[in-house]
Amino acid sequence: MAPVTSPQPAAIENRTMTINMGPQHPSTHGVLRLEVTVDGEVVTKVKPDIGYLHRCFEKYAESLGDYAKVVPYTDRIDYVSALHQEMGYVIAVEKLLELEVPERVEYMRVILAELQRIASHLLGIGTFGLDLGAFTPFLYCFIERENILRILEKVSGARLLYNYLCVGGLMRDIPTDFTSDTWEFVTSFRPKIKELNDLLTTNSIFIDRTANIGVLPAEVALNYSASGPMLRGSGVSWDLRKNDPYSIYDRFEFNVPVGQGEMGTVGDCWDRYIVRVREMEESLKIIEQALDQMPGEGDVKEAVPRRIRSKEGEVYVRTETPRGELGYYIISEKSGPYRIKARTPSFVNLSILPAISKGALVADLVAIVGSIDIVLGGVDR
Amino acid sequence: MVQTLKKSWTTFKTIFTGMGVTMRHLLQPSVTLRYPEERDELPSGARSKLFVHIDDCIGCKLCERACPVNCIAIETVQATKDVDLGKTSTGNPKRFWITTFNIDMSKCMYCDMCVPPCPTECISMVPEYEYSEYDRNNLLFQFSELSADKVTEVKEKAEKEQEEKQRKKKEAARKKKAQKADQTSKAKQKNSEG
Amino acid sequence: MTTEEITEYLNREYGGNLDPTYAEAGDSWITVSPSVLREVAKTLRDDKNLQFNNLMCLSGIHYQKENELGVAYHLHSTIHDHKLVMKVRVPEDNPVVPSVESLWKTANWHEREAYDLVGITFRGHPGLLRILTPQDWEGHPLRKDYEQQESYRNVSTGI
Amino acid sequence: MGLLDKKYHDSNIIIVSLESALNWARKSSLWYEQFGLACCAIEMMATAASDYDFDRFGIIPRSSPRQADVMIVAGTVTMKMASRIERLYEQMSEPRYVISMGSCSNSGGPYWEHGYHVLKGVDKVIPVDVYVPGCPPRPEALLEGFLKLQERISNETIIEPRETEQESTEEEKEPIEVE
């Protein structure tokens, strides 16, 4: 090729360009808008613009004036892991009201939460693969996810937004074949993780696109108060189920997988990905133990109060969702909730994006956003 | 050189491992549901559409109050004494005409919170999900079976009875007052006499 | 350490007069005046026995009865594994709170959110812009006396 | 279309078969715009995945509005997003269809009462062809919505313009009248 002659080559070389990514973009996982300043192919600055899905959850929580009515709205905060959002909220209100929950309900909540965690990670991994051009894992992940949804639908009656937990118990009785269904799923799902490893984890193209990219050092992660796989991918062993156990998580034995930099540097996209894959295996372990220990009999609506008598005071309760630490800050008055703030992991984890995407290529930006695994409902609430 | 060869070999190998998985899946039976011809059976208690057995409704408005979205609108008129509305299938006596019972399914969030409070189990979720519409107004379901004429008639009757009641109440109050006044005056007389 | 011990420690070591508040239920908290907030926050983060390296949550609150706005800081130390709730209150007509963005980076977005929804101005914040609602939105939605604007860019916000 | 509708005021045999051929072609390859907003987008993805498989109907996701025939508004439309949706709709080429999926885009759904930042129904900014109820709708319900849309397309004529097109021309006239 003949060299391109330009009147002012120097001026062109130094010019940076601002490009707009989103809110309608196939790989931003919803309606995220990124203002990206690029110097050629290299990203120099990223400015996330959020709020395209701001659904006024906090206003609703105050306006409804009833703790029970808020539960279906918490589902819609992070719709991929709806049960976790409910669980966090319900535990917070129970702590405020000093309610005791029956054993059977606690076990049921843990089993459902772990099933939901697997479903959420499957979706996260599937779409992460999709962003990087791997279409087949997405389809296989969704087949497995559909199996979990079938169990959850049988339990609650809905596929995605369950509204199954309520303050003090569960909305419905547990179906008789729940245990056998779950056992069947657990045994059938184990070999599928190996399949997923064959397809993605060890795939050399996938490794090339994720290793050494978007490295998040542990100190930065802590200063940004990152949580979940984002923090664990950076090598910090921090899991609220282990470090600050809520519900009955202190009764189970499981490991906390952390990123070790097997394919590159500690805290890169691959580490965040592998933490999710290994977490699914740990979730299976928890489900198995919980199914073994769960009491067979018991009324799930035993402790549900007829009318919730609100107390004056405030609580901050945090739980571990698939994306990290979900906190509910509830200020309560005698008449009902006064202020409810949801501190969502997606919101906090996304705020790190400008710090870790500096110097990456434009194509890598997609990988980084995918590896954070945000849900825009959680970011904007 | 050796590095490059090694790298290409791993790439080649890992791609073929992945292909192997796909091949194994190819031999398995398909999971796809052929929708218009085949349908999955929904589990009992699936939440797809609200339905009201209006004959069983007693007009207590508990579902309306339980709804977080306020998509249920109920209006009732008290039945006059000369009409007997009968009983519901669960044995509860009916005392109200249900003049409106509208559920806006385009606002509903299918949370199932209106179903448990109902004392006669007349509102329930039915497993029917195929009701998409060309016009949004068709998603407003009206369950009240009373005609417009009947509604006005019932309303007038109820108003009349209410008026009658109030008149009677007033009369009774006046009588009571008069009696009281009578008594006090008598007592005063007695006192003065005493 | 519990809230009481932390307050005691702070008062002993740094000569403050902090006093924890208790409610009928739930957590207790300490209230700090906005003029010393940054110092207290820095001490909480850097003191060897406290080391609150994790700002879990920062939320803006509107206290309608007292005509005040407030910010609640939920702090946590991953090293000593203890928690603390710190609050600051400012009057409604001059809601200025010093920013803690330079201490905990996570405060950046949280403070923008508190500015957007409740209307608290954070002094020293590098880019205090609205974050959830559009830049030309009117009012602060999470104030208790908020009135929804009728239309936004010629699109009605009503039903 | 402009050529034919001025020539023939009544349909005749040529136009009728042309119509059915056109409609058949149109309804069998409804490419939709890959554009998820909220919870419903997850169900839309589930519909596109193996268990329900959109592709059987010739429904394929496209990332660009220029190549798409159908826009599935899957999720809550906020005030910030409303102008974007309008712009995306304008970028789509005729004939274009809109499916409103789920309560939120039908009428604001659960957020219709206190949701200050939520648009109460996407039909305030763009014309909608089919409303699919549900929160979120089951994948089968979305497929049924597509079948309804196909039904609508197969009844279209090239002589009369579509309703939504008429509406949009009326809307364009309105501000002039005000002036």
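**Ground rules.** I take helices (H or I, at least four residues) and strands (E, at least two) as DSSP runs, numbered from the N terminus. This is a predicted model, where local features need pLDDT of at least 70 and side-chain atom pairs count only at pLDDT 80 or more, while totals for chains, interfaces and linings use all residues. Residues are numbered from 1 along each chain as its sequence is written, chains are lettered from A and ligands numbered from 1 in the order in which they are written, and side-chain values use heavy atoms, with hydrogens and water left out.

**Entry 1: a pair inside one helix.** I started with helix α3 of chain B, residues 148–193, where Arg167(B) and Glu164(B) both sit, three residues apart, about one turn of the helix. These two form a salt bridge, with the closest N and O atoms 3.4 Å apart. I count a salt bridge when a side-chain nitrogen of Lys or Arg is within 4 Å of a carboxyl oxygen of Asp or Glu. Over all chains, the structure holds 55 salt bridges.

**Entry 2: chain C by itself.** I found three helices and ten strands in chain C. Read from the N terminus, its elements run α-β-β-β-α-β-β-β-β-α-β-β-β. Along the principal axes, the C-alpha atoms of chain C fill a box of roughly 60 × 35 × 25 Å.

**Entry 3: chain C against chain A.** Here 43 residues of chain C are in contact with 39 residues of chain A, contact meaning heavy atoms within 4.5 Å. The buried area is about 3500 Å², and carbon and sulfur atoms give 54% of it. Buried area is the accessible area (1.4 Å probe) that two parts lose on being put together, summed over both. Trp109(C), Leu132(C) and Leu142(C) supply 20% of what chain C buries against chain A, more than any other three residues.

I then counted eight salt bridges between chain C and chain A. In one between these chains, Lys144(C) pairs with Glu62(A), the closest N and O atoms being 3.2 Å apart. Which element of chain C gives the most to the side that touches chain A? My note says β4(C), with ten residues.
By class, that side of chain C divides into 20 nonpolar, 13 polar and ten charged residues. Ala, Val, Leu, Ile, Met, Phe, Trp, Tyr, Cys and Pro count as nonpolar, Asp, Glu, Lys and Arg as charged, and the others, Gly among them, as polar.

**Entry 4: chain B against chain D.** In this interface, 26 residues of chain B are in contact with 33 residues of chain D. About 2600 Å² is buried between them, 56% of it from carbon and sulfur atoms. Ser132(B), Tyr134(B) and Arg136(B) supply 29% of the area that chain B buries there, more than any other three residues. The rule finds one salt bridge across this interface. Arg136(B) and Asp123(D) meet through their side chains in a salt bridge, at 3.2 Å from N to O. The side of chain B that touches chain D has 15 nonpolar, four polar and seven charged residues.

Entry 5: Phe138(A), Phe142(A), Arg145(A) and Glu146(A) make the contact from α6(A), and Ile42(D), Met45(D) and Ala46(D) from α3(D). That contact has five nonpolar, no polar and two charged residues.
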